[in-house]
Amino acid sequence: MRSSFITSVPDKSGAFLKAVKIFASLDLNIVRTSYNKSVDSHMIFLEVEGKEEKISEAREKLKILGYLNIPHES
């Protein structure tokens, strides 16, 4: 299953790494990232692939970090 996330990552060292580690710890594969500083310097689009329950778990962990804005299933 694939799912897309629109995240808001703080502008500090290691912030994006925290999100990546969540996906890695749940054996989810990041298949696409997109970042456009001119649109929003903190917004990163991520598309991940893996088991549905693991994607749900990642969504909850990103919410706890305050990184998740608008989840979108695809």
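Predicted model: local features only at pLDDT ≥ 70, side-chain atom pairs only at ≥ 80, totals over all residues.

**Exercise 1.** Determine how H1 and H2 are oriented to each other.

*Solution.* Step 1: the packing angle of H1 and H2 is about 155°, and their axes lie 10 Å apart. Step 2: angles over 145 degrees count as roughly antiparallel. Step 3: H1 and H2 are therefore roughly antiparallel to each other.

**Exercise 2.** Identify the residues through which H1 and H2 meet, and classify them.

*Solution.* Step 1: H1 contributes Lys-18, Ala-19, Ile-22 and Phe-23, which meet Ala-58, Lys-61, Leu-62 and Leu-65 of H2. Step 2: sorted by class, this contact of H1 with H2 has 6 nonpolar, no polar and 2 charged residues.

**Exercise 3.** Which residues of H1 are buried, and why do they line one face of the helix?

*Solution.* Step 1: H1 spans residues 15-25, and its buried residues are Ala-15, Ala-19, Ile-22 and Phe-23. Step 2: viewed down the axis of H1, these buried residues fall within an arc of 95°, so they line one face of the helix. Step 3: on the face of H1 turned away from its buried side are the exposed residues Lys-21, Ala-24 and Ser-25.

**Exercise 4.** State which elements the buried residues of H1 pack against.

*Solution.* Step 1: the strands are S1 (2-8), S2 (29-35) and S3 (43-49). Step 2: helix H2 (52-65) is also packed against by the buried residues of H1.

Notes
Residues numbered from 1 in each chain as written. Heavy atoms only, no water. Buried < 20%, exposed > 50% of the residue type's maximum accessible area, 1.4 Å probe, protein only. Helix = DSSP H or I, 4+ residues; strand = E, 2+ residues; numbered from the N terminus. Arc of directions from axis to C-beta. Contact = heavy atoms within 4.5 Å. Axes fitted to C-alpha atoms, helices over the stretch in contact; angles between N-to-C directions. Parallel < 35°, antiparallel > 145°, perpendicular 65-115°, else oblique. Nonpolar A, V, L, I, M, F, W, Y, C, P; charged D, E, K, R; others polar.
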